[in-house]
Amino acid sequence: MHFTLLFCLFVVGAKAGKYSKELNEQKAFDKGDDQMEFRIAKMNQVWEKAVRMQLAPVRLSELHSDLKIQEKDELQWKKLKAEGLDEDGEREAKLRRNFSIILAKYGMDGKKDTRTLDSNRLKDHDVKEGDTFDDPRLDKLWNKAKTSGKFSDEELQSLLREFQHHKDKISEYNIVMDTVSRTEEIHKNEISPLEGEVKEHVLHQKHSDLKQRMRDLNQGFERLRKITHEGYSDDTEFREPRVTELWEMAKRSNLSENELDSLKEELRHFETKVEKHQHYQEQLEMSHQKLKHVEALGDKDHIVRSKEKYHTLAEKAREMGYKMKKHLQDITNKISRNGLQHNEL
């Protein structure tokens, strides 16, 4: 089965003429007409649309990483299908769902976005004073943490990243729920007697995914509540929210003590990778702001130098983003194979 339904939003404008001046200025993200960015056509369609939309540089970098992961998974699936595997279509359904989630996550699903997604948010801890988490429970908890006196400035920054990560997980859950609901509506009148059992199985998997995500949200909120009331303990293993989440998942799985020790070491390396990725994201955003300032001044030599630095940082941020997300996927799959079902966005 092809992903025909997901192509429709790219038809309009597909025969557009030359790119705008703004698009040409984003050459760090566009290798030109003679060299495609991705091997799969629909990935290029999404990418070209995102560049035309002029997404913020960090968001564009994140999208590139997500598309690379999606492309890798789809190419692997095609090999499996050629070998006669995935007969029940479960892997294919998951790939279609993940692709739909990517479109929704970056505002390219053809639907007016009423979800609490901030497309220009630079990094997990870039939340200014007075901002909220669009969730009364999180807002109340965060205000309590800020005024409790239990946290140093560094610990507050770490906690703020955890709160922002939880907000993102809520947004992801809403996207998945919306995607599943729309898929059910589409399939409602298409199920034939022969296909009914297979499609029911796929829908069951989708609902299991939603239930797991809700369990993760509840456990994540309980963790935030505990830290807010008790402060960080001296034996806190990790500071980065994604790494902490993986460690909590691992402790709930069937991993042995030796396997947990090995995973803990791997998570430390992964945390370093996450921090390095965030560093490049910050550098990319600063470079973008500097480039806009230099262009406004009109110094051509300075513009050329600034563009070169910006393009280099853009490539590095994309490269680090892919490596980090691929490592995240590998660790999650490793934990899942040991008794804990979980699907990351």
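Let me start with how helix packing is described here: axes are lines fitted to C-alpha atoms, for helices over the stretch in contact, and angles run from 0 to 180 degrees between N-to-C directions. Helices (H or I, at least four residues) and strands (E, at least two) are DSSP runs, numbered from the N terminus.

A word on the model, everyone. It is a predicted one, where local features need pLDDT of at least 70 and side-chain atom pairs count only at pLDDT 80 or more, while totals for chains, interfaces and linings use all residues. Residues are numbered from 1 along each chain as its sequence is written, and side-chain values use heavy atoms, with hydrogens and water left out.

So, the overall picture. The chain has 10 helices and 0 strands, and along the sequence the pattern reads α-α-α-α-α-α-α-α-α-α. Of its 345 residues, 47% count as buried; buried means under 20% relative accessible area, exposed means over 50%, and partly exposed is in between, with a 1.4 Å probe and protein chains only. I'll also talk about contacts, meaning heavy atoms within 4.5 Å. Among contacts between residues at least 6 apart in sequence, 78% join residues at least 24 apart.

Now to helix 3, which has several partners to show you. How do helix 2 and helix 3 cross? The axes of helix 2, residues 41–52, and helix 3 come within 10 Å and cross at roughly 175°. The pair is therefore roughly antiparallel. For that wording, angles under 35 degrees count as roughly parallel, over 145 as roughly antiparallel, 65 to 115 as roughly perpendicular, and the rest as oblique. On the helix 2 side, the contact is made by Lys42, Met43, Val46, Trp47, Ala50 and Val51, and on the helix 3 side by Leu60, Leu63, His64, Leu67, Gln70, Glu71 and Glu74. By class, these residues divide into 8 nonpolar, 2 polar and 3 charged. Here Ala, Val, Leu, Ile, Met, Phe, Trp, Tyr, Cys and Pro count as nonpolar, Asp, Glu, Lys and Arg as charged, and the others, Gly among them, as polar.

In the loop between helix 2 and helix 3 you'll find Gln54. Its phi is near 55°, a positive value in a residue other than glycine. As a reminder, most residues other than glycine have a negative phi. Gln54 is partly exposed, with a relative accessible area of 43%.

Next partner: helix 4, residues 90–105. Helix 3, residues 57–82, packs against helix 4 at an angle of about 165°, with the axes 11 Å apart. That makes helix 3 and helix 4 roughly antiparallel too. The contact of helix 3 with helix 4 includes Leu63, Leu67 and Trp77 of helix 3 and Leu95, Phe99 and Ile102 of helix 4. By class, this contact has 7 nonpolar, 2 polar and 7 charged residues.

Then there is helix 9, residues 257–297. Helix 3 and helix 9 pack at an angle of about 140°, with their axes 9 Å apart, and are therefore oblique to each other. Pro57, Val58, Ser61 and Glu62 of helix 3 meet His277, Gln281, Leu284, Glu285 and His288 of helix 9. The classes here are 3 nonpolar, 4 polar and 2 charged.

On to the core. A nonpolar core is a set of buried Ala, Val, Leu, Ile, Met, Phe, Trp, Tyr and Cys residues joined through side-chain atoms within 4.5 Å. The largest one has 23 residues, and those with the most contacts inside it are Phe133, Leu138, Trp142, Phe151, Leu159, Phe163 and Leu224. Helix 4, helix 5 (136–148), helix 6 (153–188) and helix 7 (196–230) each supply at least two residues, and helix 6 gives the most, with 9. Leaving aside neighbours within four places in sequence, Leu224 is in contact with Leu138, Leu141, Leu159, Glu162, Phe163 and His166.

One last stop: is Glu240 buried or exposed? It sits in the loop between helix 7 and helix 8, and at 3% relative accessibility Glu240 counts as buried. Beyond neighbours within four places in sequence, Glu240 is in contact with Arg161, Glu271, Val274, Glu275 and Gln278. The C-alpha atoms of Glu240 and Glu275 are separated by 8.1 Å, though these residues are 35 apart along the chain.
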